Amino acid sequence: MPELDEYIDEIKDIWDTHWLTNMGVKHQKLQEELKEYLKVNEIDLFTNGHMAIELSLQAMNLPRGSEVITTPFTFASTTHAIVRNGLEPVFCDINPQDFTIDVSKIEALITDKTTAIVPVHVYGNVCNVEAIEEIAQKYGLKVIYDAAHTFGVKYKDRGIGSYGDISCYSFHATKVFHTIEGGAVCFKDEKLKELIG
């Protein structure tokens, strides 16, 4: 927590402008600074990490009842977001080295109903993004990463939020970087901006 005087000084202009809701100057400044820091093409801020994942899945326009491969080794919100979109979660085991989704077990779970993979980066450990991308391309699947545990992580000189179709962050108070509450969605395809934001 910052010193109270420092915090008050930082939010004083909110009282001056009376702009308390989304898209104000503070919102826009944070969004631009995060875009630069995370090294991503596009970013939108959300009220929390759950809504980031839920609305990202919705933006993918996946057929209701289709299957989404994910990991059970995550906060319940990841699975809730899948279910709330009328999709069927299919759980893939994790590897014992870094607790991320075991890419050697994904293909065996793919059926003609599979439409997406929702891998989760865990404790700062990055999923095998190359193998996941290869599988996704082979089967025509969308990839939405839960990147809540990897704020600011870079992999091969790229921000981890630039991998997959979408990467989602949580800025909950328990995270390394937080805004007390909040979240973000990072993506490359500008067409998603209207669907996500």
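Reader: How many positive and negative side chains does the chain have, and how far apart do the centres of the two sets lie?
Author: This is a predicted model, and the values are computed from it. The chain carries 30 negative side chains and 18 positive ones. The distance between the centres of the two sets is 3 Å.

Reader: Which radius of gyration does the chain have, and why is it called as compact as a globular protein of that length?
Author: The secondary structure consists of nine strands and six helices. For 197 residues the globule rule gives 16 Å, and the chain comes close to that value, so it is as compact as a globular protein of that length. The radius of gyration of the chain is 17 Å.

Reader: What share of the contacts with a separation of 6 or more is between residues 24 or more positions apart?
Author: Contact here means heavy atoms within 4.5 Å. Among contacts in the chain with a separation of 6 or more, those between residues 24 or more positions apart account for 58%.

Reader: Is alanine 147 buried or exposed, and what is its relative accessible area?
Author: Alanine 147 sits in the loop between strand S5 (142-146) and strand S6 (154-155). Buried means under 20% relative accessible area, and alanine 147 falls in that class. Its relative accessible area is 0%.

Reader: Which residues does alanine 147 touch, not counting those up to four places away in sequence?
Author: Glutamine 31 is 116 residues from alanine 147 in sequence and 17 Å from it in space, C-alpha to C-alpha. Leaving out residues up to four places away in sequence, alanine 147 touches His121, Ser167, Cys168 and Tyr169.

Methods: Residues numbered from 1 in each chain as written. Predicted model: local features only at pLDDT ≥ 70, side-chain atom pairs only at ≥ 80, totals over all residues. Heavy atoms only, no water. Helix = DSSP H or I, 4+ residues; strand = E, 2+ residues; numbered from the N terminus. Rg over C-alpha atoms; globule rule 2.2 N^0.38 Å. Lys, Arg positive; Asp, Glu negative; His and termini not counted. Charge placed at Lys NZ, Arg CZ, Asp CG, Glu CD. Buried < 20%, exposed > 50% of the residue type's maximum accessible area, 1.4 Å probe, protein only.
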